[in-house]
Amino acid sequence: MPTHKHNQTDMNARLIQEFSKVTTVIIRSVGERTTDECEEALRRSGFSNIMRIVDAIPFTECLHKTFQRGIDAGRPWTLCIDADVIVKLDGVVGLIKLASEADKSIFEIQVNILDKFQGKTRHAGNHLYRTKYLKQALEFIPQEFEAIRPESYMIKCMKKAGYLTVTNNEVLLGIHDFDQFYHDIFRKCFIYAHKFLHESVMILPYWRKRAKHDNVFKVALLGFSKGLQYLEKASINKNQYHKLKEESLRKLGISEKDRDLKQVDVREVISQFEYNRTNEAEWLLTVPFKNLIRHLFDRIIRRLSCLE
């Protein structure tokens with residue numbers, strides 16, 4: 001058994017080493033607390049060609065810069081990782097195996113992460129692009145405020161244009177949104193009120209339960225409530241809600257976290273994680289019914305917000 005495990009470790013190391021030669025890794029950061037740890041985890045996994053896109057705002061501009069960097073680097077694959085994602089080795093191996101098996105027509109591959117605020121695994125924070133298609137992708141990046149999820153919008157446009165993608169639910173690449181600054185949590189959950197409003201019936205009970213023992217979720221609830229009251233067009237850009245964010249956190253009386261962050265044991269975080277069991281009710285909601293709830297819930301919440 002130990003010999004078999006040793007052989008498997010060697011095989012994985014060689015697999016990553018070879019894939020690293022043909023892959024440009026780009027970390028997209030707006031100053032997240034985990035930016036350095038994100039890069040270190042990638043290097044511990046075996047990647048070497050790593051660069052950062054820092055404070056490219058709005059996010060549409062970040063997409064332009066990311067894709068151009070990937071094109072200029074000239075390697076067959078461009079792996080985009082958000083700085084709030086920390087990978088684990090077997091997740092990286094799983095992603096590489098998907099790429100190795102992918103048809104040449106595949107434009108993008110995405111796998112799961114464990115999301116702290118949704119309390120479940122989902123697709124976010126990672127995109128493995130086949131570099132030769134990035135020039136076409138540049139044409140589909142929306143203007144600021146045209147789409148609240150610019151990257152998803154671009155990928156949908158590419159699909160309509162005939163470029164194929166792989167979305168895998170079996171590979172867990174790592175963790176997402178753990179150990180972040182409070183001001184980033186506020187901003188992200190502010191956007192949840194616009195981006196994931198239809199899922200709030202699943203998310204909010206989980207946050208309320210966790211908020212009794214974790215300030216992170218108190219900030220999440222505050223950000224979400226402020227987001228509900230914001231009736232203008234929202235975007236994911238970091239600086240849009242700076243004043244509101246600072247005032248809200250000051251009233252909450254929570255001091256910001258320091259920048260020091262120890263090495264994160266991703267496997268331990270996953271093993272100790274308290275999942276959002278509310279999501280088990282999702283199977284009851286058919287797609288048409290979910291769409292109806294989404295429409296009605298959106299109207300009700302925004303009408304109530306106007307009355308405050």
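Colleague: What does the chain contain in terms of helices and strands?

Modeller: The predicted model has twelve helices and eight strands.

Colleague: How much of the chain is buried?

Modeller: Of the 308 residues in the chain, 49% are buried.

Colleague: And the contacts, what share of them join residues at least 24 apart?

Modeller: The figure is 81%, taken among contacts between residues at least 6 apart in sequence.

Colleague: Let us turn to helix packing. At what angle do helix 7 and helix 9 pack?

Modeller: Helix 7, residues 182–195, and helix 9, residues 215–229, pack at about 45°, and their axes are 7 Å apart. The two helices are therefore oblique to each other.

Colleague: Is that crossing left-handed or right-handed?

Modeller: Helix 7 and helix 9 cross in a right-handed sense.

Colleague: Which residues make the contact?

Modeller: Helix 7 contributes Tyr182, Ile185, Phe186, Cys189, Phe190, Tyr192, Ala193 and His194. From helix 9 come Asn215, Val216, Val219, Ala220, Leu222, Gly223, Phe224, Lys226, Gly227 and Leu228. By class, the residues in this contact of helix 7 with helix 9 are 13 nonpolar, four polar and one charged.

Colleague: How does helix 8 pack with helix 9?

Modeller: Helix 8 and helix 9 pack at an angle of about 140°, and their axes lie 8 Å apart. Angles over 145 degrees would count as roughly antiparallel, so helix 8 is oblique to helix 9.

Colleague: What is the handedness there, left or right?

Modeller: The crossing of helix 8 and helix 9 is left-handed.

Colleague: Which residues meet in that pair?

Modeller: On the helix 8 side they are Ser200, Leu204, Tyr206, Trp207, Arg208, Arg210 and Ala211. Phe217, Lys218, Ala220, Leu221 and Phe224 meet them from helix 9. This contact of helix 8 with helix 9 has eight nonpolar residues, one polar and three charged.

Colleague: Arg210 is in that list for helix 8. Which residue is its salt-bridge partner?

Modeller: The partner of arginine 210 is glutamate 274, with N to O at 3.8 Å. Arginine 210 is in helix 8, residues 200–211, while glutamate 274 is in the loop between helix 11 and helix 12; the pair links distant parts of the chain, 64 residues apart.

Colleague: Are the two residues buried or exposed?

Modeller: Arginine 210 counts as buried, because its relative accessibility is 15%. Glutamate 274 has a relative accessible area of 34% and is therefore partly exposed.

Colleague: How many salt bridges does the whole structure have?

Modeller: A search of the whole structure finds 16 salt bridges.

Colleague: What about the one between glutamate 39 and arginine 52?

Modeller: Their side chains meet at 2.7 Å, N to O. At 13% relative accessibility glutamate 39 is buried, and at 29% arginine 52 is partly exposed.

Colleague: Which residues form a network of salt bridges?

Modeller: Salt bridges link Asp36, Glu39, Arg43 and Arg52 in a network.

Colleague: Staying with helix 2, which of its residues are buried?

Modeller: Thr35, Glu37, Cys38, Glu39, Ala41, Leu42 and Ser45 are buried in helix 2. Just after helix 2, glycine 46 takes a positive phi of about 120°.

Colleague: Which residue forms a salt bridge with aspartate 90?

Modeller: Arginine 267 does, and the closest N and O atoms of the pair are 3.3 Å apart. Because arginine 267 lies in helix 11 (residues 266–272) and aspartate 90 in helix 4 (residues 89–101), the pair ties together parts that are 177 residues apart in sequence. Arginine 267 is exposed at 55% relative accessibility, whereas aspartate 90 is partly exposed at 40%.

Colleague: And glycine 91, is that residue buried or exposed?

Modeller: Glycine 91, also found in helix 4, is buried, with a relative accessible area of 2%.

Colleague: Which residues does glycine 91 contact beyond its neighbours within four places in sequence?

Modeller: With those neighbours set aside, glycine 91 is in contact with Val171, Leu172 and Leu173. The C-alpha atoms of glycine 91 and valine 171 are separated by 6.0 Å, although the two residues are 80 residues apart along the chain.

Note on methods. Residues numbered from 1 in each chain as written. Predicted model: local features only at pLDDT ≥ 70, side-chain atom pairs only at ≥ 80, totals over all residues. Heavy atoms only, no water. Axes fitted to C-alpha atoms, helices over the stretch in contact; angles between N-to-C directions. Helix = DSSP H or I, 4+ residues; strand = E, 2+ residues; numbered from the N terminus. Parallel < 35°, antiparallel > 145°, perpendicular 65-115°, else oblique. Left-handed = near helix turned anticlockwise from the far one by under 90°. Contact = heavy atoms within 4.5 Å. Nonpolar A, V, L, I, M, F, W, Y, C, P; charged D, E, K, R; others polar. Salt bridge = Lys/Arg side-chain N within 4 Å of Asp/Glu carboxyl O. Buried < 20%, exposed > 50% of the residue type's maximum accessible area, 1.4 Å probe, protein only.
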